[in-house]
Amino acid sequence: MAENGHENGTNGATAEKRKAENGENGDNRNGVAKREKLEGGTLLFSGATDWKQVGRKGGDLVKSANTQWSPVRLEALKDINIVSVNKGSSSAFCMAIADDGHVYAWGRNEAGQLGLGDSKDRFVPTLVTDITGYDVVEVATGKSHCLFLTSCGKVLAAGSNEQGQCGQGRKTGSLETPKLVVHDGADITSVACGADFSVLLDTEGKVWTFGHPENGTLGHNDDGKFMQKANKVEFRCEYSPLQVKVWLEKDTKAKEVTPHPVPNIKKISCGPNHTVAVDENKKVYSWGFGGYGRLGHSETADELVPRLIKYLDGKNRGLRDVFCGASFNLGLSEIPGMVNMWGIYTPQKEANMYPKAIQDLSGWNVRSIACNTKGWMAAADDAVIACMPSPCSGELGTGEKKKSSAQPCIVDTLEGCYVLRLGAGPAHSLYIVRNQTDAEKTRLNKFEVIDQSDME
């Protein structure tokens, strides 16, 4: 394993030591290090707060008095600078990273995924005290588990480990406090979660996956199915991170398969049951469940190993970054001012079987994208543009009068705000708004502050 893959500079041990001394990202190795300090802002929230009902059948959320139709500030976080929020389109809970590397968690918690030591839902953002010793730089969330990435390249996991998605080396009960993921490769630079599986990216650009293998989500050329007894299908789950080693290109018409050397991956993103990865040459690979064209190969077959998206291969066709929703993806093109979409938003809509440009975003300078189960938001220039087909429960954030919008629209409730980054869940949206100047602070003070501690 120790094939000294830290090409860009310092050797591992001294970097670790120096990082410990600096307490900050004190090294300049290729991944852990390049994280420049993100600019923090004030967190705004819109959407449903009856966490028990989010994503469940029955339409109580729309009628609930606890649903926030317009962005609000949260009492617990109104004076804390937030730099980042969790990535995970299917998570009915929220995580916010403060500028000191502490994590605040709230929302549904039936498997202990908030890492707070119990399985009680939280209505108020609560500090995850067990990991305050770490400087957390990224949080990825699945259906009921969560991965915390620290600045020193370690990963901690909390929540359900029923399918091995917390990477503990064996099946365990739910982890109610974060535990280290058992991994002996290079330092980790990015994490992503599907519904019941997890993906890690290390400094050498290698991809590691673990958890539930159905539909080939792990990329190990196997959907993990076997018959235990009497026609009951069981799955061989992966309990420790395993490297994804086979990457290929397919020509379905000619029935040809061309293996690729293992690429140096830079970006990873997961939908509930598929993964998309972008390499250093901006080429894009996808694998997992293929329904509705979400893998971008003009077909709906599952892919059990990473397959090159042919449409995004070629001069000026590649992606800088990718963001997965439930059954679709948004790709930030290497051509400025262009965002691609492939897959389907909701079953009533038309599916894009391969990546196509989103016309309403063309020419906008997009800096942050968040996808949920059926739509997306993009922070671009001085606006937030969102597209959320109904039914919605506040995640569009445009107030009671406009509850959903199948066509992309500007979120006018945020007018005058500079939104740095976005986050989304099945029925909520998170906005990090810049709060540097007096004008920005005055504008933020106009947002209502809610405190739901009485709901706990």
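A search of the whole structure, which is a predicted model, finds one cavity of 30 Å³ or more. Here a cavity is a set of points, on a 1 Å grid over the protein atoms alone, where a 1.4 Å probe fits but cannot get out, and lining residues have an atom within 4 Å of a point. The largest cavity has a volume of about 90 Å³, a volume being the space filled by probe spheres set on the grid points, which are joined across faces, edges and corners. Of the 13 residues that line the largest cavity, those closest to its centre are Leu74, Phe123, Pro125, Ile450 and Gln452. Strand E6 (residues 122-127) gives the largest share of this lining, three residues; strands are DSSP runs of at least two residues, numbered from the N terminus.

The lining of the largest cavity divides by residue class as follows.

| Class | Lining residues |
|---|---|
| Nonpolar | nine residues |
| Polar | two residues |

Elsewhere, four strands form an open sheet in the order E23-E24-E25-E26, with antiparallel pairing, where two strands pair if DSSP finds at least two bridges between them. Strand E23 (319-324) and strand E26 (352-357) are the edge strands, each pairing on one side only. Strand E25 (residues 339-343) is joined to E26 by three bridges, and asparagine 340 has alanine 357 in E26 as its bridge partner.

Residues are numbered from 1 along each chain as its sequence is written. Local features need pLDDT of at least 70, side-chain atom pairs count only at pLDDT 80 or more, and totals for chains, interfaces and linings use all residues, while side-chain values use heavy atoms, with hydrogens and water left out.

Technical notes: 1 Å grid on protein atoms, 1.4 Å probe; cavity = no way out; pocket = protein on both sides within 12 Å on 5 of 7 lines; lining within 4 Å. Nonpolar A, V, L, I, M, F, W, Y, C, P; charged D, E, K, R; others polar.
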